[in-house]
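Here are my notes on this one, as promised. Have the viewer open while you go through them.

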Amino acid sequence: MSTPTSNGQLRYTANNNLNNGTNNHSKPANGKVAQAADKEEEERSARQSLIILAAIFFTSLFAMIYVYAMFPRLEESEKQYIKVPFDIEDAKQLGRVLDRYKDLYYLEVMFGVILVYIFLQTFAIPGSLFLSILSGFLYNFPVALALVCFCSALGATLCYLLSQLVGRRLVKHYFPAKARDWAAQVDKHREDLLSYMLFLRMTPFLPNWFINLVAPVIGVPLYPFALGTFLGVAPPSFIAIQAGKTLYKMTSSSDAFSWGSVTLLAAFSVLSLVPVIFKRYFKSKID
């Protein structure tokens, strides 16, 4: 009786060992399969995000072409100057053409400038600085300042929403470590995000397009982002609009920023951080 019993135990033990060995080998295999599936899902999600982004871009571009087609009839010599200004000479030529049509087609010209400005801001395309200078040339100061602040805030908000739609997946896929670092910095200053948004908009430490794209990815709420953009772009826009009054005398965009204007921006930047400094000071006193 003992032999079958011992054989049975041996057989059971052997079977258990075999099953355990199979399970131990299957866990790493299952882990690798899961990792491969997650990676494939991330890549698929990134591709979908790029497709959505491309679709939105080309739809917006089609709308821009439509607006151009509906613009008042231009002379052949003027058509070449109706384009997004990427340097001061482009801005001068465009300013000459728009200034000629502005009185007869005031709303059409303004709507065209607004649409192009928002388009550039939405898709983080350079050129909005020259449109700010051009606005100062075409319109009086209050109208130009309101136009630039409105377009900057709306375009940046659309860029924020677009980045929130597709940017999270792209950044998570391509820059996971940096996204975690940025998010950690935002968490440190979450109570003072409005002040920091004002500071970033007034200073050249980070380009505006970068702020627009990264803000939703690292958890900056929409309200302080939009309000901080609207108020924060006012001081640099003030300088660009003033420079637009002497557009034809300018040789480059850097002419808009003298030492005096840079000092003024620095002063506004410091003022934007005053509430944060006082809050921390009184908090330390209370503690």
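**Pocket lining and ring pairs**

1. Start with the lining of the second largest pocket: by class it holds 21 nonpolar residues, one polar and one charged. Keep in mind that this is a predicted model.

2. Two or more lining residues come from each of α1 (2–69), α3 (88–102), α4 (106–122) and α5 (128–138). Which element gives the most to this lining? That would be α4, with seven residues.

3. On to the aromatics: the count comes to eight aromatic pairs. One of them is Tyr101 with Tyr105, at 6.4 Å centre to centre and 35° between the planes, which makes the pair tilted.

4. Are Tyr101 and Tyr105 buried or partly exposed? Tyr101 has a relative accessible area of 9%, so Tyr101 is buried. Tyr105 is at 32%, so Tyr105 goes down as partly exposed.

5. Phe119 and Phe123 also pair up: the ring centres are 5.3 Å apart and the planes sit at 55°, so this pair is tilted.

6. Last, have a look at the cluster: ring pairs link Phe119 and Phe123 with Phe57 and Phe58.

Conventions. Residues are numbered from 1 along each chain as its sequence is written. This is a predicted model: local features need pLDDT of at least 70, side-chain atom pairs count only at pLDDT 80 or more; totals for chains, interfaces and linings use all residues. Side-chain values use heavy atoms; hydrogens and water are left out. Rings of Phe, Tyr and Trp (its six-membered ring) pair if their centres lie within 6.5 Å; planes under 30 degrees apart count as stacked, over 60 as edge-to-face and the rest as tilted. Buried means under 20% relative accessible area, exposed over 50%, partly exposed in between (1.4 Å probe, protein chains only). Helices (H or I, at least four residues) and strands (E, at least two) are DSSP runs, numbered from the N terminus. Ala, Val, Leu, Ile, Met, Phe, Trp, Tyr, Cys and Pro count as nonpolar, Asp, Glu, Lys and Arg as charged, and the others, Gly among them, as polar.
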